[in-house]
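Work through the exercises below with the model open. Each task is followed by a stepwise solution.

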Amino acid sequence: MTEELLLVPVDETIVFPEMTVSLPIDDVAVGERVLLVPRDADGTWANVGTVAEVSELARLPRGRRAAVLVGQSRGIPGVARTGPDGRLYAPVEARPDENPPRARTAEAEREYRAIVEEIVEIRNIDARVSQFVRAITDAGALADTAGYSPDLAHEQKVRLLETVDVEERLAVAIELQREVLAELQVRRRVRENIDDETGKQQRDFFLRKQMDSIRKELGDDEASVVEEYRAKVEEGGSAAGMPEAVREQFERELGRLDRMGEGGMESQTIRSYLDWLLAVPWGEHTEDQLDIAAARTVLDDEHAGLEDVKDRIVEYLSVRKLRTDRAIEHDPKSGAILTLVGPPGTGKTSIGESIAHALGREFVRMSLGGMRDEAEIRGHRRTYVGALPGRLVRALRDAGTMNPVILLDEVDKVGSDWRGDPSSALLEVLDPAQNHTFRDHYLDVDLDLSNVMFIATANVVESIPGPLLDRMEVIAFDGYTVDEKVAIGGGHLWARQRDRAGLRVDEVTLEPEALRTIVTEYTREGGVRQLDRALATVARKTATRIVAAEVEPPITIDADAARAALGKRRVWQESAERTATPGVATGLAVTGTGGDVLFVEATSMPNPGGSGGAELVITGQLGDVMKESAQIALSHVRANADRFGIDQEAFVGRTFHLHVPAGAIPKDGPSAGITMATALVSLLTGRPVRHTTGMTGELTLQGKVLPIGGLKQKVLAAHAAGLTEIVLPDRNRGDLDDVPEEVRAAMTFHPSIALAEVIDHALEPEPATTLA
């Protein structure tokens, strides 16, 4: 049944059935029915209202009138219209509660009443509220009592009013009251914990004061915590060398601790801070061993090769010796920051420890790989719970001296995220002009890092941010030659792996030829990690044979025995086989693991559906720069076809396909330009590339050969792969001085200015013959 009623918006108080309210309404009569509809702050009306009857009228101050209304039932309004009096009217369907049988709602009613009684108890409300709730017998009216709660928000009360079904409304009421109860319980627990903690602190304070009084009465001379800290400073040690500013900060924090007392809320934080100030080795320095010959001997004994690094350390010691002998004062802006860049396994990390040994300094290693939090370098501010100094302060503490050798390992693998950029924090650390006043966020005092020798290691320079790289002195580790690997394996690695396998010196002998076989047939790397693992395998296999009584010591391991232990050969020199076919050229590249040899393959096929010109297909997971090099190579070869003895018709209606094998490995860079052009010329002329020749260089559209980087690593890789001739840019001629003498003597180099010179050096003079 519907009737047309006046719509009265209710903005604050939401009226439920059986509720009596007084609202300022004009022009209504006693006994008139209206629909009270909730309205939110945005002016949106609810879908359900409350049908209410005017029971009496009252007059308010300033002549306004009010009506006392009694809620009767829920009502669902239809489409509203504006009446002659300018007010809204709508047909309303009254929806009185249809209470289900008590058996279906009895359990929910009991749960609701229990929740309300616990809320009343927590809030310490008048017990008559609980009696009122227990007296209600209708499930719908009981659920509506949740709307009386001051803890419910306007939206929650509207949700309750709009739930017409009695059982659903009772479930909503239980849900809302549970949320209120949970919040009240949390508040009560927090309040109780605060009261307990406050009472405990007050109790501890009074007890300590009483203990102090008792101790004074008994004449006990036991020192307080503050006196203990002062005694540590006075007794000397590292604390005695505190700079004046640090000493003032120490005394300031010690005064705070004294005024606060040992039971103060921040006493433990202050004590941790004071402990860290005392842990820094202020004024402690290790005296450098300035014997140049002895230092060089230590470096040579512990590492083969690496002459650039050793020379730089000798230079550093020589400068220190001159300044010491001539009594020249230390320059805080003259710190040494070396960055060793090279493939894995070349000894970058281990030589850091050797440098510390040669200098007579303490050594600390800091691994930066994967670091993403700036606080790891600068420390956390003391406002945070569990704050600690940065790793540099901890490194100084561990070293026990202010001038250790600190190795910053894997500096090229530092990351960054929302916690900050550690590489930016390293800018101050690695800048000799700034690091004498480095400030850790936790200590908040100046630290002089100018006496620290920083040695950073990285695999690739490109991953190091430019501003950080600008502060570094880069020394390249371009990998070892075969002879150097044999020397390292025989002089260092084999002895270590033999001892780990439990073998004695007089039991096993590894022949040099066997060692060379392992290097050339089972490893291809810039460093010696694969060699180390291979030697470990040989040592374990030998130990197994001795335990199994298959052989009797002494044992000599020759090349055949090494092959038997390591299994099938893993590295092949395949340039002769790969380049026997026209269209295949041998290029040289640099990867994160050192130099490498790569092959560029070219082929062509008819393209009758094409545009008539030469089209290019490129595969092998190549980067944009390498793809552009391929396009440049094809364009230059076609533009200068007559010079290379190629018929222009060879390009018409054909598709050329360039492929760089090992397609799972991403490749990029311009240095394969002349290799791609040589492969195309070889394909089109039928002249194969000399199988002993490798090449590297960037190509321009004019056919010029531009210089490239990483020449030493590429030459070492070519030498290890069995190549004997290298075509390189003429402007890289000076870089050949970095190549070891024995490698230069074994190879022939062809510096070239233009692609025509490259073709003359790289291709066989006659086309390949085809056997029928």
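A crossing of two helices is left-handed if the near helix is turned anticlockwise from the far one by less than a right angle, and right-handed if clockwise. Exercise 1 uses this term. The model is a predicted one.

**Exercise 1. Describe how α7 packs against α8.**

Step 1. Locate the helices. α7 covers residues 244–260, and α8 covers residues 267–279.

Step 2. Take the geometry. The angle between α7 and α8 is about 155 degrees, and their axes lie 10 Å apart.

Step 3. Classify the angle. Angles over 145 degrees count as roughly antiparallel, so α7 is roughly antiparallel to α8.

Step 4. Assign the hand. The crossing of α7 past α8 is left-handed.

Step 5. List the contacts. α7 contributes V246, Q249, F250, E253, L254, R256, L257 and M260. From α8 come S267, I270, R271, Y273, L274, L277 and L278.

Step 6. Sort them by class. The contact holds ten nonpolar, two polar and three charged residues.

**Exercise 2. Trace the pairing of β18 with β17 and with β20.**

Step 1. Start with β17. Residues 584–591 form β17, and residues 594–606 form β18. They pair in the antiparallel sense over eight bridges. A585 has V600 in β18 as its bridge partner.

Step 2. Move to β20 (residues 654–659). Its pairing with β18 is antiparallel, over six bridges. S604 is bridged to F656 in β20.

**Exercise 3. How does the radius of gyration of the protein chain stand against that of a compact globule?**

Step 1. For 772 residues, a compact globule would have a radius of gyration near 28 Å.

Step 2. Compare. The protein chain has 43 Å.

Step 3. Along the principal axes, the C-alpha atoms fill a box of roughly 120 × 100 × 65 Å.

Step 4. Count the elements. The chain has 25 helices and 25 strands.

Methods. Residues are numbered from 1 along each chain as its sequence is written. This is a predicted model: local features need pLDDT of at least 70, side-chain atom pairs count only at pLDDT 80 or more; totals for chains, interfaces and linings use all residues. Side-chain values use heavy atoms; hydrogens and water are left out. Axes are lines fitted to C-alpha atoms, for helices over the stretch in contact, and angles run from 0 to 180 degrees between N-to-C directions. Helices (H or I, at least four residues) and strands (E, at least two) are DSSP runs, numbered from the N terminus. Angles under 35 degrees count as roughly parallel, over 145 as roughly antiparallel, 65 to 115 as roughly perpendicular and the rest as oblique. Contact means heavy atoms within 4.5 Å. Ala, Val, Leu, Ile, Met, Phe, Trp, Tyr, Cys and Pro count as nonpolar, Asp, Glu, Lys and Arg as charged, and the others, Gly among them, as polar. The radius of gyration is taken over C-alpha atoms; the globule rule is 2.2 Å times the number of residues to the power 0.38. Two strands pair if DSSP finds at least two bridges between them.
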